[in-house]
Amino acid sequence: CASWSTRGYDEIIPRKIDLVKEDRRYVDWEERYLESGIVSAKAVLNQLHRLMALENFTEIHVHQVHDVIAIHRHNPKTHDGIYMIVRTMFHRTGNPGTPAPIRIPGKVQKLILAATVRVPQQTLEEEKSVYISGLDTELQMSTSEYSPWCRLVEGRDPEYNQKVKFTNFPPGSVVAFRVSIEERAQRAVTLLREKLTPGADPTPLHKAFKNVSLVDLNVLLYRCDAEERDATGMGTYEIPACGSLLYSGLQGFVSLLDKLRLTNDMGHPMFDNLRGGDWMMDYIIHRMDHWRNLDPVRAYTKGLFDLVKRLPRYLIPRYFDDVVTHVHSAALNHAIRLMSPFVQEGSVLVKSLALGSVQMIGV
């Protein structure tokens, strides 16, 4: 979210300045500049932009519905963030109605800015001015706890327990809040990091895989659609607008996640599916119900997924990736430990070829 500008833009000058023929000068900084156009509101946005950089708000999600754009930028560690709602006006004849309420992910800490700008007329009388001046504008702005254009309404949804209800939010308006995730979600994040961070206690994971054989790992990691239908009647997981995964096991999910990390495509149907519901996590757990030797792995994975389900929906893809990759990596390492010293001490190529036997042989 850049906060760029150029001289004349914030002053609402609706034409391109001719640098060759124009002989007038801009308004001095000390005169009317801070009172013109949207300059005072832009000053608040610039301060906000600096704050987000200093506090490491590096992740961003943007959602648009018609002429309303919602931007959520947050810190990937604390998940504190800024939630901004903008109603654009690229055309004079826009939608004059009031936007539908927007749910806020998390808890609103404070109002940072609420502002709206109105241009009564679109004509210039520059011949009467000795300065380069923009359109006459009416800027209304609030940085206090009160906003005349919207209000917060408490909801019943534990994830979206607040929503913004607009009372008067015309095109050319903006509102920004500082938000944080709920305490329940924050505790879940803390527990997930304790279990998934490199260097965490590996004992629970080792216990989960203690009695797992190579045949069990074939079930956990692989199985094509026909094999899965024959064994459980479920088939591989199908993602709407994307298709069925190659494998029913964890490898099917990991292979797709590996590709998506390269493009950082958060709008991919897989992530839409994760944000929409818990079906993918439930599928992974449910297919392990049919294999008794995987009960400890199932219980361990379910405990992690239960923590993930406490998080706001926009965080689900990130922590789903962490959990699945964590269990998948542990499964591959366990498979290598069950093989001969030649494989255990071999190169990456040797280990990869050896894992092919786990992929191809099952019951």
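View 1. Arg 229 and Asp 225 form a salt bridge in which the closest N and O atoms are 2.9 Å apart; a salt bridge is defined as a side-chain nitrogen of Lys or Arg within 4 Å of a carboxyl oxygen of Asp or Glu. The model is predicted, and local features need pLDDT of at least 70, side-chain atom pairs count only at pLDDT 80 or more, while totals for chains, interfaces and linings use all residues. Residues are numbered from 1 along each chain as its sequence is written, and side-chain values use heavy atoms, with hydrogens and water left out. Because the two residues stand four residues apart in helix H5 (residues 225-231), about one helical turn separates Arg 229 from Asp 225. Helices (H or I, at least four residues) and strands (E, at least two) are DSSP runs, numbered from the N terminus. Arg 229 is partly exposed, its relative accessible area being 48%, and Asp 225 is partly exposed as well, at 27%. Under the terms used here, buried means under 20% relative accessible area, exposed means over 50%, and partly exposed lies in between (1.4 Å probe, protein chains only).

**View 2. Salt bridge between Asp 272 and Arg 275 in helix H7.** The side chains of Asp 272 and Arg 275 meet in a salt bridge with an N to O distance of 2.7 Å. Both residues belong to helix H7 (residues 269-276), where they are three residues apart, about one turn of the helix. Asp 272 has a relative accessible area of 39% and is therefore partly exposed, whereas Arg 275, at 18% relative accessibility, counts as buried. Elsewhere, salt bridges that share partners join Arg 223, Glu 228 and Arg 287 into one network.

**View 3. Salt bridge between Arg 178 and Glu 55.** By the rule stated above, the count comes to 13 salt bridges. One of them brings together the side chains of Arg 178 and Glu 55, at 2.6 Å from N to O. This pair links distant parts of the chain, 123 residues apart: Arg 178 lies in strand E11, and Glu 55 in the loop between helix H1 (39-54) and strand E2 (59-65). Arg 178 counts as buried because its relative accessibility is 17%; Glu 55, at 28%, counts as partly exposed.

View 4. Strand E6 (residues 107-118) runs antiparallel to strand E11 (residues 173-180), and eight bridges join them. Two strands pair if DSSP finds at least two bridges between them. Within this pairing, Arg 178 in E11 is the bridge partner of Lys 110. E6 also pairs with strand E8 (residues 138-142) in the antiparallel sense, over five bridges. Here Thr 116 stands opposite Gln 140 in E8.

**View 5. The buried side of helix H2.** Helix H2 (residues 183-196) has 14 residues and reaches 20 Å from its first C-alpha to its last, close to the 20 Å expected at 1.5 Å a residue; the expected span is 1.5 Å times one less than the number of residues. The buried residues in H2 are Ala 185, Ala 188, Val 189, Leu 192 and Leu 196. These residues cover an arc of only 100° around the axis, so they lie on the same side of H2; the arc is that of the directions from the helix axis to the C-beta atoms. On the face turned away from the buried side, H2 carries the exposed residues Glu 183 and Glu 194. The cover over the buried residues of H2 includes H9 and helix H10 (316-337).

**View 6. Thr 301 in helix H9.** Thr 301 is placed in helix H9 (residues 295-308). With 3% relative accessibility, Thr 301 counts as buried. Leaving aside residues up to four places away in sequence, Thr 301 touches Ile 285, Met 288 and Val 327, contact meaning heavy atoms within 4.5 Å.

**View 7. Aromatic pair of Tyr 222 and Tyr 247.** Seven aromatic pairs are found in a search of the whole structure. Among them, Tyr 222 and Tyr 247 form an edge-to-face pair, 5.4 Å centre to centre with 70° between the planes. Rings of Phe, Tyr and Trp (its six-membered ring) pair if their centres lie within 6.5 Å; planes under 30 degrees apart count as stacked, over 60 as edge-to-face and the rest as tilted.
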